[in-house]
Amino acid sequence: IWRAIGLQLEKGLVELGNRGVNSDGFAKVTHTVLGASLVARKLTLSLTQRVQELLNVPTRADVQALGERLQVIEEHLVGIAAAVDAPQPGKPRGRSALRLASPPRTRKPPPSEPAPAVVARARAAVRKTRKVRA
């Protein structure tokens, strides 16, 4: 009995839905709703773009342009690395050539010897302060 009632209810709902979907009123309402949603989407996109401009946030096109520029820079770096690694007669190759061409990378600067005149002035200043205190 429940199965028969369920099948009849299902058939009735399908017929009601078909009549509603195939009517002119449904088509008009659907057209109106879709038109309103398109207008709302265009308005949302334009407002979002204005807000991004005011906040100085990059757009998708800006980010893509930066990505393309980075790709060009990476290609140049690959070319430079290939030129550095290329064998040359009488010169070391690869990373050892770069190490020889650049200064050592340390956290401390190389020690420098003070000039004799600066040392003499510093010693004289120390002597004067000792005399004043005594």
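These exercises walk through a predicted model of one protein chain.

Residues are numbered from 1 along the chain as its sequence is written. Local features need pLDDT of at least 70, side-chain atom pairs count only at pLDDT 80 or more, totals use all residues, and side-chain values use heavy atoms, without hydrogens and water.

**Exercise 1. Describe the fold and the confidence of the chain.**

Step 1. Count the elements. The chain has 5 helices and 0 strands. Helices (H or I, at least four residues) and strands (E, at least two) are DSSP runs, numbered from the N terminus.

Step 2. Read them in order: α-α-α-α-α.

Step 3. Check the confidence. pLDDT is the predictor's confidence in each residue, from 0 to 100. The chain averages 79, and 66% of the residues score at least 70. Helix H2 has the highest mean, 91, and H4 (residues 95-101) the lowest, 54. Where pLDDT is low, the predicted coordinates should not be read in detail.

**Exercise 2. Follow helix H2 from its cap to the residue after it.**

Step 1. Start at the N-terminal end. Serine 23 caps H2, with a side-chain oxygen 3.3 Å from the backbone nitrogen of phenylalanine 26.

Step 2. Take the span. H2 covers residues 24-55, 32 residues in total, and reaches 47 Å from first C-alpha to last. The expected value is 46 Å, at 1.5 Å a residue, taken as 1.5 Å times one less than the number of residues.

Step 3. Look for burial (buried: under 20% relative accessible area; exposed: over 50%; partly exposed: in between; 1.4 Å probe, protein chains only). The number of buried residues in H2 is 0, so the helix lies largely in the open.

Step 4. Asparagine 56 follows H2 and sits in the loop between H2 and H3. Its phi is positive, near 60°, though the residue is not glycine. Asparagine 56 counts as exposed, at 68% relative accessibility.

Note on methods: Polar contact = N/O pair within 3.5 Å; in protein donor to acceptor, adjacent residues only side chain to side chain.
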